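Thanks for coming, everyone. Let me put the complex on the screen and walk through it.

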Amino acid sequence: MEIKSRLCSGIIFKGLAAGLALAVLIPLGVVVLRASQPSDTAWAAVVEYRLWGYVLQTLLLVALVTGIALAVGVPTAWVISAYDFRGRALLDWLLLLPLAMPGFVAAAAYVDLIGGLAPFFIWVRQQWGLEAFLRVQIIVPWVCATGILGMTLFPYVYLSCRAVFARQSAGAIEAARLLGESAAGVFFRVALPMARPAIVAGGSLVGMETMNDYGVVSLFGLQPLTPGVFRAWGEGEVVVAMRLALFLMFFLSVVLVAERWQRGRRGYGQGSGEGKLARVRLGSGKSLAAVMLCAVPLMFGFFLPVGRLLRWCWDVRGSAELGGHAQAAWNSLALAGGAVCLLLGSAVVLVAVQRAYGSRVILIAQKICLLGYGLPSALVAVGVGALVVFLAGNFPGAGVLALSTSVFGLMLAYLVRFLAVAIQPLAAGCERVPGCLREAAQTLGSGRLGAMWRVDLPLVKTTLLAGATLCFVDVFKELTLTLVLRPFDFETLATRIYRFTDEGRIAEAAVPGMALMVLCLIGLFPLSTLMKRLEQ
Amino acid sequence: MRIIRNKCFGVLCLVGALQWAAFGAELHVYSHRHYGTDVKVNALFSEKTGITVKVVNAEVDQLVERLRSEGESSPADVLIAVDAGRMQRAAAEGLLRKVETETLKQRTPEALRSPEGYWYPFTLRARVIVVAKDRVKPGEITSYEDLAKPEWRGRLLSRSSTSSYNQALLASIVAANGEQAASKWAEGVVKNFARPPQGGDRDQIKAIASGLADVAITNSYYLGLLLNSKDADERAAGESVRIIFPNADGRGSHTNVSCAGIVKHSKNIAEATQYLEFLLSDEVQKLYANETFEHPVLLNLALGEQLEEWGEFKVDEETFSQLGEFSPAAIRIFDKVGWK
C-alpha cells in the first residue's frame, strides 16, 4: 500500500515536471508553428521597409548599451575591489542601487530632457545648418536611451566582476603586485584577462536585458526588434509578429552561445582560494578620482532620476490620482505574490523533489525549464498571447471571459520567463546540503517527501528566500510581458508608469514610479545582505 | 445532506436575486476615451437616471477584438471610439446594433453619422495646423497640401504614424487626391520634418514654442488644453502659436469624431439609447466644449468661449465616409515613405 502510494506520488511529480517543461516549450512551439504559416503581403512589406532597420537598430543598441555597461561596470568593480579609500564601503553598497531602478522609470525622469535641449538644437542649426540640426536630433534620443539602459544595467557587470577581482584572481594579482607590475599593468595584464568569463557573463546579461527592453526604446522612439514585434502584434499581423520574434530569438541565441563558447574553450582556474585581495590604500588625489569614477554612473543611473521623480511627486501632491495608483500597486503586489508562489512551488518540484526521488525525468524537465530565461520576452508574449486567443476561440462564450479577464496568460508567461530565476538559487543551495542527511532521515523512517520537507528545505531556507525575492522583484517591475498579456482594463504600477510617460504626463508617472522603485529597493536590501553573508 | 444542499441553493438564489435587483440598472460602456470629463459625464448620467455606468477603458482595437471574441456573452452595451474609420469597420463586422430616434437624428449632422444608424458622433475633433505666430505670416499656409512644399524643409513637426489621428488624416487625403498623390504628399512632409516624429500633439506645440520648428499638425483641442492649462509654461506655449483650419476654401478641414454605438448583443437597449441621447444633450456638449475643448457635434460655438475665439470652420464631409476604407492604404504609405 505504502509503496503503491509512493509510486503514485512519484508519477504525479513526474507529470507535474513534464507539464512545466511543456509549458516552457509551448510559446516557442506556438511561435514556430504560426511563423511557418503563409503570410499575405504584410510580411513582404515588412521585409521591404522595416526589417533591415529593425535588425540594424537591435545590433547597434545592444552593442552600445553593452559597451557602456562594460565601460562603467568593470572599472568600478576593479576600483572597489583593489583599492581602499574613504567612502569605499558605502559606494560598494550604493553601486547596487541602479538594479532597483527599472529602465522605464529612469526613462520617465529623462524623457522631458529632449524637450529641454531645444535651445541646444537651435544653436546647432545656427552654427552648422539644417543637416547637422536634423542629425543631432536623431542622435540625441539614441544617446539618452543607450545611456539610460547602460547606467541602469551596469550593476550586472559590476557584480560578476567584483566577485572575481575580490577572490578568484586575488593570488595572481598579489603576485603581479609583488613582482613590481604597475597599477595599470596589474589591471590590464592580470585582472582583466582573468576576469574575462565574468565580464562576458555580465555583458551577455546586459545584452539580453537590452534586447528584451520595450519601455525605454519605445519612449525614445527607437525601433529595434522588440517594439517591432509588438507593433505587428498590435496591428493584428500575427504571422509577421511571430517571424520577427524568431529573428529576435536568433540574435539572443547568438549572445548566449557566444557566452557559453568562450567559457568552455579554456579552463579558468578558480584560483587556490587563498583569500581576499589586499586592498591598496589610495592617496587623497587618487581617492577623489576613484570616488568620482563610481559616483558619476550612480548619479546618472540612480540619484538624478530619483531626484527628478521626487520633485514631480512634490509638484502633484494633493492632485495625484491616488485611488488609481493604489489599485495598480495592489494589482502589482498580487501578481508578483501569486507568481512567486507559482514559481517557488514549481522550483521545489523541479529541484528538491528531483533530489528526493533521483528522477531523471524531472532532471530533464528542470534543464528544459532553465531555457525559458533565454527566450526573448517579446516571443513569450506573442506566443502565450496566440495560445490564449486559440483557446478562447475554441471555448467561446464563458471560456473567453474566463481567459480574457483572468491573469492566466500572464502567469504562464511569468512561469516561462522566470522559472530559471527560482530554480538556480534553490539548485545551488541544495547542492550544498549533503545527501547523507536526507539518507539518515530516511533510515530513521521518514518518507522521501518527509525527508525533503523536514531536512532539505529547512537547510536551504535562505537560498529559497533569495530566489523568492529575485522572482518577486523581477515580476514586480516586469513591463514587456505585462503590457501585452495583462487582462483587459487591468493596470500594474509598471504599465501605469509607461502609459503616463507615453502620454507625456510625466509628473503623474512620478508617484507610481517612486512607489515601484522603493518597493524594488526593499526587495533588494535583504538580498544584498544575504549575498554578503553567503560571501563570508 | 440533501436539505443542506437545498438550503445552500436557496441562499445562492437569494443572493443572485439581490444582486440582480441592486445592479439591475447598469450600463456597461467599452470606451477609448479616458478624460476626467468623461467620468464627470457618466456621473451626471447616473445622477439623472439612476443608471450606474460601468466603464472599461482600452484602445478601440482591443475593445473591438474583445467584442468579437465575447460574442453573445458580452456584457457590453455601448462602444465608444475616437475614430470614425474604426467604428465603420466595427459596424461592417456586425458588432453594432442599429438605433434610430428623432433626437439622435436631429442632433447629429447627417454626413458625420452612420447612414444606417449604427453609430452617432458626439464631439468633433478637427486636425488642424498650428504655426509660430512670430515666424509664419498669415496666409503662408492654408492647406494640408502646403505642408509638403519644399520651403518648409526642417520646419515641420508631427507625431508618429502609429497615431490613429495621422492615419485618418492621410486616409482623408487618399480619398480626396488618390493614393499616388497622397504618397507624394507624405513623402514631402517627411522630408520637411524638423525631427523624427516623437511625443504627442501637445509636445509638437511645445516644441514650436521652444523655437525648434515653425509648423505642426495637431488636433485643435490639444491647443485648447494648453491655452487653458494650470501651468504657466503650457499657457505660454499655447499663446505662441496661431491656429489654422486648413482647406477652408476647398473640401474643409479633416475632422474626426468621438462616436458611440450600441453593441449588437446589448441587453439594455433602452438604457443605452438613453445614454447616446444624453451625450448629445446641450449640457454634455457644453461640458466637452469647455473642458476638453472638442467641438460640439452641431458646431454651435456659442457653447464654449475658446471655440468662439477660434471661430467657424468648414468640416471635410466629402472624405468622411471613406476614412475606414482608406486607412490600410494610409498605413502602407506611411511605411513606404518612412514616416516613423
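Predicted model: local features only at pLDDT ≥ 70, side-chain atom pairs only at ≥ 80, totals over all residues.

Residues are numbered from 1 along each chain as its sequence is written, while chains are lettered from A and ligands numbered from 1 in the order in which they are written.

Back to the glycine. G117(B) sits in the loop between α5 (102-106) and β5 (119-132) of chain B. Helices (H or I, at least four residues) and strands (E, at least two) are DSSP runs, numbered from the N terminus. Which residues does G117(B) contact, leaving aside neighbours within four places in sequence? K98(B), V99(B) and E100(B). Contact means C-beta atoms, placed from the backbone, within 7 Å. G261(B) is 144 residues away from G117(B) along the chain, yet their C-alpha atoms are separated by 8.6 Å.

Now chain B as a whole. It has 14 helices and 10 strands. Its radius of gyration, taken over C-alpha atoms, is 22 Å. The globule rule is 2.2 Å times the number of residues to the power 0.38. For 340 residues a compact globule would come out near 20 Å, which agrees with chain B. The C-alpha trace spans about 85 × 40 × 40 Å along its principal axes. Of the 340 residues, 51% are buried. Take contacts in chain B between residues at least 6 apart in sequence: 78% join residues at least 24 apart.

Chain B divides into domains. Domain 1 is 24-124 + 256-301, and domain 2 is 126-254 + 315-337. Those bounds come from an automatic or database domain assignment. Their C-alpha centres lie 27 Å apart. Across the boundary, 14 residues of domain 1 of chain B contact 15 residues of domain 2 of chain B. On the domain 1 side, helix α4 (residues 84-92) of chain B gives the largest share, five residues. That side divides into five nonpolar, five polar and four charged residues. Here Ala, Val, Leu, Ile, Met, Phe, Trp, Tyr, Cys and Pro count as nonpolar, Asp, Glu, Lys and Arg as charged, and the others, Gly among them, as polar.

Over to chain A. It has 25 helices and two strands. At 25 Å, its radius of gyration is close to the 24 Å that the globule rule gives for 536 residues, so chain A is as compact as a globular protein of that length. Buried residues make up 45% of chain A.

Next, the packing. A nonpolar core is a set of buried Ala, Val, Leu, Ile, Met, Phe, Trp, Tyr and Cys residues joined through C-beta atoms within 7 Å. The largest one has 169 residues, and V229(A), A245(A), V382(A) and C471(A) touch the most other members. Helix α15 (residues 322-357) of chain A gives the most, 16 residues. A second, separate core has 105 residues, among them V78(B), Y120(B), A168(B) and L212(B).

The interface is next. It takes 24 residues from chain A and 26 from chain B. On the chain A side, α7(A) supplies the largest share, eight residues. That side splits into 15 nonpolar, six polar and three charged.

Finally, confidence. pLDDT is the predictor's confidence in each residue, from 0 to 100. The mean is 85 for chain A and 88 for chain B. In chain A, α18(A) has the lowest mean of its elements, 62. In chain B that place goes to helix α1 (residues 2-23), at 47. For the model, ipTM is 0.77 and pTM is 0.84.

Key. Contact = placed C-beta atoms within 7 Å. Buried ≥ 20, exposed ≤ 12 C-beta atoms within 10 Å, placed from the backbone.
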